[in-house]
Each structure stands twice: as C-alpha cells, then as structure tokens.
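Here is a walk through one model, taken a piece at a time. Have the fold open as you read.

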Amino acid sequence: MAATIGTNIELATDYLLESGTSMAAPHIAGIAALVKGAHPEWSPSAIRSAMMTTANPLDNTQKPIRKSEDNKPATSLDMGAGHVDPNRALDPGLIYDTTPQDYVNLLCSLNFTEEQFKTIARSSANHNCSNPSSDINYPSFITFFSPEGNFTFLEQKFRRTVTNVGSAAAKYRVKVKAPRNSKISVSPQTLVFKKKNQKLSYSLTIRYKDDAKQEVQSGSITWVEENGNHTVRSPIVISPEIETCAVLSKDELEALKIGLLKLTQHTPPSFLSSILPLVCVQLPVLAKMWSLVFLTLASGPNRQFQR
C-alpha cells in the first residue's frame, strides 16, 4: 500500500531522495557526533579526516557516482570525498590532523591585514606568522590551470602528515590513481608505523598540464594497510581556474560589495578583495541570491544599502 498524507493524498513511495548541502549537513553532523562519542579525544579536523578518507566514491552498484543533472561521472568538486560510511569512520586507520597554528599559518600566507586577520580568526590575540603556509594538512589535494590553455606542464608539491590511530604497529603502501593529463609521485611510497599515535609525513607532487576541454579531472591516492584492515583515500583534483564572481552582472557585483560592507562594518573595504573570491567561487548560488537582495534593498523606498 502506498504511503498517504491525510486522507486524500497518496505518495508513490515511503521515501524521498533529496540532494544538496541542506540534506547532507544534518547527516554529517550526526555522524561527526557519533565519531566524537567513540573518540572524545579527537579534534574536529581528525573527525573530518576520518569521514573523508573512509568515504566511498562508488554507488551501490560499485560504479562511479554520477551527477543527477547530466548523468556524467561526478568529480570530487561535485560529491566531495564520496558517500560517508559511519562504521568505517569510527576506525579510519590513519588521520590527517591539524592544529590552530596550522590555520594561523594558512591565514598568514594570504597576506591579510592585522584587522582582517583578527576578524577571520575571531581573536584579538597576537599571532605567530613566522611560518606562513598555504599547504594545510588537509586530506585532499587540488591544483589549478589557466583557462587560456597554453598546454605546458605545471608542477605543484604538497606535504602531509598522518597519525596512526589503529590498534598497534602498521605498514601502509600507497596506491595512486592519477587524474587525466597528470603524473603523481609520492615519497616515501611506504609508511611504517611502530606504534599507535605515531606521526609520519610524506610528500606528493602533481605534474600536470591544461585540459583542452577545460574540464575538472579527478584522481586519488590511497594508503593501503599491508594486512588489508584499512584503506585511507584522499581525492586529487585538477581544475581550471574560475573567474571570480563571473556569475554576477556588474550591478549585482557592486550591490554585493556594498551589502557585505554594510554587514561587516568593522572591516575595511580591502577585506572584500579577500572574501569575494571565497563567496563567489565556493558559494555562487548564494552570492547571486545575496546580490539580488542587496540590489533590491538599495533601490527600494527605504534604500537601506547605499554608498
């Protein structure tokens, strides 16, 4: 019998499939709480790492996950690390952990002013910028090529540190799936942990060139435990650079700037040069919506947003 709402509305199924951040967020939050309950000593970044590196990039037929709009294979920019697996996330084998200072080093590498830095860090404390670095210890990798397409080989290097959270000593070997038009080298190719909670580092180099189709290319590296108990996968993405705020018209971009300045009155105008790329590239739909709201407010009878 089909499910019903009230007495006169029949549903075709008892279930509804929804896709998007609003549906994923509560599920991820619940799984994060589950992992935190099992490992109360883990940091937020350790929990994030456990969920990402144990996620499955395949669907329930063991084929690559596809995009709903065109049925093409999804890249990591479409689906993230994959379909989260709560049981595996409780026992990931290795984790990529980060400290508050790692995030300070990242902010330092962006050349923010002191005021901008404190606004983003939400702290008035003095910070140590002696070791600025944009290469944070994150369980994924991304690099960009110019959309102009000169088809020359480029190279980018990364360094990562993993912590053995397995039950005892362990040995891992790396397995590489390179994105199209690229070569991936990892050193060392074997990690030998002598005890639990030991940390070891490795470097990864991506040598790649522009894609003629201007398409995002995905790959991965996976650390495979010698006895097969754990596999620790990290996505690799090679993407064309995206023009900042290309989704907005000139008037919409101006309205977005003015509106953001009004909402962040304690930051200088130069703050926009740092925050706009993040808003427009990572949240293009939201940027479009905000710009239209601000544009409406600026032209309405109360004219709440003006220069």
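## The five-stranded sheet

In what order do the strands of the open sheet of 5 run? The order is β4-β11-β10-β6-β8, and the pairing is mixed. Strands here are DSSP runs of E with at least two residues, helices are runs of H or I with at least four, and both are numbered from the N terminus. Two strands count as paired if DSSP finds at least two bridges between them.

β4 (141-145) and β8 (190-193) sit at the edges with a single partner strand each, so one side of each has no neighbour in the sheet. From one strand to the next, the twist averages 20°, using axes that are lines fitted to C-alpha atoms (for helices, over the stretch in contact) and angles from 0 to 180 degrees between N-to-C directions.

Inside this sheet, β10 (residues 217-225) and β11 (residues 231-240) pair in the antiparallel sense over 8 bridges. T222 stands opposite R233 in β11.

## The four-stranded sheet

There is also an open sheet of 4 strands, ordered β3-β5-β9-β7, with antiparallel pairing. Its edge strands are β3 and β7 (182-187), and each pairs on one side only. β5 (residues 154-164) and β9 (residues 199-208) pair over 10 bridges, and T161 stands opposite S201 in β9.

## A covered helix

Helix α2 (residues 44-53) is mostly covered, with 8 of its 10 residues buried (under 20% relative accessible area; exposed is over 50%, partly exposed in between; 1.4 Å probe, protein chains only). Among the buried ones are I47, M51 and M52. What covers them includes α1 (21-38), α5 (100-109) and β11, with contact meaning heavy atoms within 4.5 Å.

## The second largest pocket

The second largest pocket has a volume of about 850 Å³. A pocket is an open set of points on a 1 Å grid over the protein atoms alone, where a 1.4 Å probe fits, with protein on both sides within 12 Å along at least five of seven lines; lining residues have an atom within 4 Å of a point. Points are joined across faces, edges and corners, and the volume is the space filled by probe spheres set on them.

Its lining has 35 residues, and P73, A74, T75, S76 and S218 lie nearest the centre. β10 gives the largest share, 5 residues. By class there are 12 nonpolar, 13 polar and 10 charged residues (Ala, Val, Leu, Ile, Met, Phe, Trp, Tyr, Cys and Pro are nonpolar; Asp, Glu, Lys and Arg charged; the others, Gly among them, polar).

## About the model

This is a predicted model: local features need pLDDT of at least 70, side-chain atom pairs count only at pLDDT 80 or more, and totals for chains, interfaces and linings use all residues. Residues are numbered from 1 along each chain as its sequence is written, and side-chain values use heavy atoms, leaving out hydrogens and water.
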